[in-house]
Structure formats: structure tokens, C-alpha cells
Amino acid sequence: MSAESSERAPHAGTGASYASAGVDIEAGDRAVELMKEWVKKATRPEVVGGLGGFAGLFDASALKRYERPLLASATDGVGTKVDIARRMGVYDTIGHDLVGMVVDDLVVCGAEPLFMTDYICVGKVYPERVAAIVKGIAEGCVLAGCALVGGETAEHPGLLGADEFDVAGAGTGVVEADRVLGADRIRSGDAVIAMASSGLHSNGYSLVRHVLFDRAGWSLDREVPELSRTLGEELLEPTKIYSLDCLALIRTAEVHGFSHITGGGLANNLARVIPDHLHASVDRSSWTPGAIFDLVGRAGSVERLELEKTLNMGVGMIAVVPQESVEVALTTLADRGVDSWVCGEILDRDAEHAEAVTLTGDYAS
């Protein structure tokens with residue numbers, strides 16, 4: 001054998017393998033075993049079969065009670081909030097964020113969330129870590145009243161660092177065709193009801209991280225008196241899940257529309273459900289945003305308009321209801337432990353109110 005061919009020929013026992021490329025199939029199998037107990041808790045009677053198949057099964061005969069069932073679908077992720085979880089070494093809350101981002105988009109049209117699937121991409125499979133992420137997703141599904149019917153864990157060595165990961169999910173819901181909520185139901189004179197957020201939720205973290213870490217130089221373990229806890233604990237506060245609260249509201253009161261306040265802030269998201277001939281006037285003085293919002297603004301000298309375009313400013317969900325439904329709506333939400341208040345009204349759009357949504361006044365101190 002020539003020297004040239006000898007250099008090219010593989011030595012016995014040194015052939016390439018999936019493991020040598022950085023993918024650990026056994027670790028993946030271990031992760032599945034660890035997550036099974038949590039997935040079992042996130043179920044519904046319509047779920048058929050268990051974890052481990054190639055597809056999740058849901059008994060669609062349950063939809064026979066609908067006259068004309070419409071399926072609603074939504075997908076989302078958690079964004080750069082996953083970096084906070086990674087740096088904190090806390091992985092069992094980020095799943096709540098994922099579920100909230102998906103199911104609360106579904107419920108905006110009046111749909112009941114039925115089931116979700118997840119996708120977890122990691123640089124290296126650490127079974128306990130993956131199982132902790134799934135635990136959070138399963139717990140979120142329980143809070144949302146939907147099932148977790150399956151998912152995928154992908155190991156991407158070389159593309160992600162060993163400690164890096166990302167999560168995404170997709171959900172399906174159902175709503176009766178003649179009960180779909182949206183802009184066509186909104187009327188002049190309707191009240192705008194705000195539901196309090198639990199904090200930043202899962203949006204705006206690129207701005208928040210830039211301001212607090214890059215510009216202010218703060219660390220996650222910094223004790224912040226205004227927050228009464230560490231910065232990391234505040235930033236990792238899970239997204240509030242409103243789906244069951246919104247469905248309860250639909251059952252007890254007349255609801256014309258919902259708006260899930262996510263990326264883009266209150267005005268931009270509320271505008272998505274306001275018809276062209278109407279206008280929503282929202283009064284800032286009706287609430288006081290949590291301390292984290294003021295903290296981000298001061299630490300980065302961020303103008304109020306920029307904050308409002310990026311963060312939820314303390315409002316995670318909006319309901320639009322007729323005036324005669326306001327009292328029962330607020331009572332329903334209060335009974336469910338949801339802090340809510342009337343924050344504005346729907347008006348006819350005219351020269352004075354040319355935009356879909358305006359925020360007026362100053363936040364209460």
C-alpha cells in the first residue's frame with residue numbers, strides 16, 4: 001500500500017459514527033423516559049395512545065357536538081428568554097412561557113385549545129435538562145386545559161453550544177363557526193378590559209437583555225429592591241396563561257373580542273382586532289405597570305413610546321365587551337384570581353381619532 005493510500009484509508013475500529021459526530025441517541029432515549037410522567041399529566045379524554053409514537057392521536061369524534069367546528073392553529077416560541085433560563089440553570093418554567101404564547105393566541109378567536117406539540121433543539125442532550133423543559137410544558141398545558149400529545153427533541157452539535165437550546169410549539173383549538181370572535185363583532189361604545197400580566201412574559205427580551213446586561217452591566221443574581229427579588233428571578237417569571245379565564249368569560253358574559261398582548265405592545269396588538277371604522281382609546285392612568293418596566297426604561301434611558309412598542313407594560317390580555325357585560329366580566333375574572341379593570345372604550349373613528357388605538361394620559365404612580 002502506498003503512503004498516499006495509507007493516509008486515506010481508515011484504521012480498523014475508527015470509522016465515523018453518530019456518537020462521534022456528537023449525537024447521543026442513548027441520552028435522547030433517557031430523556032424520553034424521564035419526561036413520560038409529566039406528559040401523562042397533560043392529557044384530555046380525547047387523546048388516544050401514549051408517548052413514543054410517530055404522531056399524536058386525538059379523537060376528533062369529540063367535535064361532533066359542534067354544528068360547524070372550525071380548527072384554529074397557532075405556533076410560537078419563547079425567543080431570547082431561553083438565554084435567561086440557560087444562564088440561571090432553571091429549565092422547568094420556560095415551558096409555561098411556550099404554552100402561554102401558543103394557547104393564548106388560539107383563544108383570541110374564541111377557540112378552546114385542544115392539544116399541543118413541542119420542538120426542543122439542543123446542542124447536547126442532557127436528559128434531566130430536557131425532561132425539566134418538558135415538565136414545564138406539560139404543567140403549562142394543564143393550566144391551559146389542553147393536552148401535550150407529542151414532540152421532538154433534536155440534538156444539533158456544531159450548530160449550538162453544548163448548553164444552548166431553543167423551544168417552539170404548535171397548538172390546535174376548536175371554535176363554533178358562528179361564535180368566532182374578531183373585529184366584525186366590535187361595536188362603538190364597547191368597553192376595553194385589561195387583564196394584568198405576570199411581568200415581561202416572553203417578549204422584548206432582546207431589548208431587556210441589551211439594557212440590563214450590556215448597558216447597565218447588571219448580573220442575574222443582583223438583588224433589586226424595587227422587585228423584592230433578584231433580577232434573574234424577575235426575568236424568569238413565567239408568562240401568565242389566560243386561556244381558561246377567557247373561555248370562562250365567554251361562558252358568563254358577552255364578549256366581542258380578545259387581544260393577546262405580545263411582541264409589539266398593547267397598541268399594535270389591540271389594533272389587530274379593531275375594525276377600520278372604529279377606534280380604541282386606552283387610558284394609561286387606569287393602571288400602574290410593574291416595577292420591571294420602569295426599571296428597564298430608567299436603566300436604558302428608553303423612551304416611553306419605545307417601551308410601549310416593545311413590552312406589554314403590565315397588560316397581558318385584553319377583552320372587548322359591551323358596557324352591559326362589564327360588571328359580570330370583571331366579577332368572573334376576579335373570581336378566577338385575575339386582576340382586571342376597564343382601561344378604555346371603543347369610539348367611532350374620526351379626524352380626532354384617526355388611528356386604530358391611542359394611549360392617553362400618564363400611568364398611575
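## Exercises on a predicted model

M101 has its place in helix α4 (helices, H or I, of at least four residues and strands, E, of at least two are DSSP runs, numbered from the N terminus). The model is predicted, so local features need pLDDT of at least 70 and side-chain atom pairs count only at pLDDT 80 or more, while totals for chains, interfaces and linings use all residues. Residues are numbered from 1 along each chain as its sequence is written, and side-chain values use heavy atoms, with hydrogens and water left out.

### Exercise 1: the surroundings of M101

Task: state whether M101 is buried or exposed, and list what M101 touches.

Solution. 
Step 1. The relative accessible area of M101 is 3%, so M101 is buried (buried means under 20% relative accessible area, exposed over 50%, partly exposed in between, with a 1.4 Å probe and protein chains only).
Step 2. Leaving aside residues up to four places away in sequence, M101 touches D76, G77, S202, N203, H260 and T262 (contact means heavy atoms within 4.5 Å).
Step 3. Between M101 and G171 there are 70 residues in sequence and 10.0 Å in space, C-alpha to C-alpha.

### Exercise 2: the four-stranded sheet

Task: give the strand order of the open sheet of four strands, and find which helix packs on the sheet.

Solution. 
Step 1. The order is β3-β6-β4-β5, and the pairing is mixed (two strands pair if DSSP finds at least two bridges between them).
Step 2. The edges are β3 (69-77) and β5 (147-155); each has a single partner strand, so one side of each lacks a neighbour in the sheet.
Step 3. From one strand to the next the twist averages 15 degrees (axes are lines fitted to C-alpha atoms, for helices over the stretch in contact, and angles run from 0 to 180 degrees between N-to-C directions).
Step 4. Helix α4 (residues 94-106) packs on this sheet and touches β3, β4 and β6; the direction of α4 makes about 150 degrees with that of β3.
Step 5. Inside the sheet, β4 (residues 112-122) and β6 (residues 165-176) run antiparallel and are joined by ten bridges. Y119 has A168 in β6 as its bridge partner.

### Exercise 3: helix α5

Solution. 
Step 1. Of the 18 residues of α5, 13 are buried, and the helix is mostly covered.
Step 2. G145 follows α5 and has a positive phi, near 75 degrees.

### Exercise 4: aromatic pairs

Solution. 
Step 1. Y91 and F165 are 5.8 Å apart, centre to centre, with 65 degrees between the planes, and the pair is edge-to-face.
Step 2. Y91 is in the loop between α3 (81-88) and α4, and F165 is in strand β6, so the pair ties together parts 74 residues apart in sequence. Y91 is buried at 13% relative accessibility, and F165 is buried at 7%.
Step 3. The ring centres of W287 and Y363 are 5.4 Å apart and the planes stand at 70 degrees, so this pair is edge-to-face.
Step 4. W287 lies in the loop between β11 (278-283) and α10 (291-300), and Y363 in the segment after β14 (357-360), 76 residues apart. Both W287 and Y363 are buried. Ring pairs link W287, W341 and Y363 into a cluster.

Terms used: Phe/Tyr/Trp six-rings, centres within 6.5 Å; stacked < 30°, edge-to-face > 60°.
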